[in-house]
Amino acid sequence: MPEFVKTGVEGLDSILNGGIVENAAVLVSGNPGTGKSIFGLQYLYNGVDQFDEGGIYLTFEETKDDISQAAQSIGFDKWDDFVDDGRIKVYDKRTLLRSGDFSSTLDTILEDLQDTQYDRLVLDSLTMFQLFFEDEKEQRQYLLKFIDILKDSGLTSILTMEQSAVFPETEIGLENFLTDGNIYLIQSPAGSTSNRYIWVAKMRKQPIKNSMFPLEIDDGGIKVFEQAAGFSMVGESAPWFADEDGGGLE
Ligand SMILES: Nc1ncnc2c1ncn2[C@@H]1O[C@H](COP(=O)(O)OP(=O)(O)OP(=O)(O)O)[C@@H](O)[C@H]1O
Ligand SMILES: [Mg+2]
């Protein structure tokens, strides 16, 4: 029986049948605004707040202050305290892009990770990380090396991935195959509003509920409604076939 790392996101751990398998690297993909960054923040915040597990946050896109503001705005009030007391360690774009030479910066991080006492890691985003490599071969080599180091360091990781196509016309990139789990965050227009969903498409070593479930982003972060009837990826009930007034789950 594998050990699980709980996300603490309401409704999600039971869809995952216990949580994320310890030492897994999970890809969280979605279009802009689907909640990938909030999910990452919440995973680390809950780790400290509910499970006494420390976390590392790596971002190439934002500064420490941006992240702190995002955390405050969604109601993670103790984020700054956790950062100040070292239970959450942030490598922001200023730290990561300080030296002009990305590969030496990367080597430093990888060394840091190797004797880490932390349990969780979030990379927001893998898309940006991959831009630093010249070609696909190099990207693939580094991604494999990076994932190996995360696992060897006892970290259970979330890597976010920006999607350019609108679901379900999703590209299945190499990243999907190289990671242990694939979670999609989906936003679909429904009349004058939009609906949000989560779909756990893959989780190695673990039976999962692989229907789509509605989710909400509100003060306190993401909540998943596992009791709402999940629906299959095939069939007319999928939300992107919804008619003018929403259809689907409404
Ligand atoms: N306090 C809040 N209450 C309700 N909804 C919020 C709140 N804060 C953010 N949101 C919603 O969450 C969405 C942003 O989520 P997030 O930044 O995690 O998206 P993302 O997937 O990381 O996007 P990107 O690809 O641009 O980085 C916003 O578009 C907004 O709709
Ligand atoms: Mg984001």
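**Close-up views of a predicted model**

View 1. Helix α2 gives the shell around ligand 1 its largest share, three residues. The model is predicted, so local features need pLDDT of at least 70 and side-chain atom pairs count only at pLDDT 80 or more, while totals for chains, interfaces and linings use all residues. Residues are numbered from 1 along each chain as its sequence is written, and chains are lettered from A and ligands numbered from 1 in the order in which they are written. Both α2 and β10 (212-218) supply at least two residues of this shell. Pro32, Gly33, Lys36, Ser37 and Ile38 come nearest of the 14 residues around ligand 1; a residue is near a molecule if its C-beta atom, placed from the backbone, lies within 6 Å of it. Four residues of the shell are nonpolar, six polar and four charged. Ala, Val, Leu, Ile, Met, Phe, Trp, Tyr, Cys and Pro count as nonpolar, Asp, Glu, Lys and Arg as charged, and the others, Gly among them, as polar.

**View 2. Helix α2.** Helices (H or I, at least four residues) and strands (E, at least two) are DSSP runs, numbered from the N terminus. The end C-alpha atoms of α2 (residues 36-51) are 21 Å apart, which agrees with the 22 Å that its 16 residues should span at 1.5 Å a residue; the expected span is 1.5 Å times one less than the number of residues. Of the 16 residues in α2, 13 are buried. Buried means that 20 or more other C-beta atoms lie within 10 Å of a residue's own, exposed that 12 or fewer do, and partly exposed in between, with C-beta atoms placed from the backbone.

**View 3. The nine-stranded sheet.** Nine strands form an open sheet with mixed pairing, in the order β5-β4-β6-β7-β3-β8-β9-β10-β11. At its edges, β5 (88-91) and β11 (221-224) each pair on one side only; strands pair if DSSP finds at least two bridges between them.

**View 4. Strands β6 and β7.** Strands β6 (residues 120-124) and β7 (residues 156-162) run parallel and are joined by four bridges. Val122 stands opposite Ile158 in β7.

**View 5. Ser14 in helix α1.** Ser14 belongs to helix α1 (residues 12-15). Ser14 counts as partly exposed because it has 13 C-beta neighbours inside 10 Å. From C-alpha to C-alpha, Ser14 and Gln117 are 27 Å apart in space, and they are 103 residues apart in sequence.
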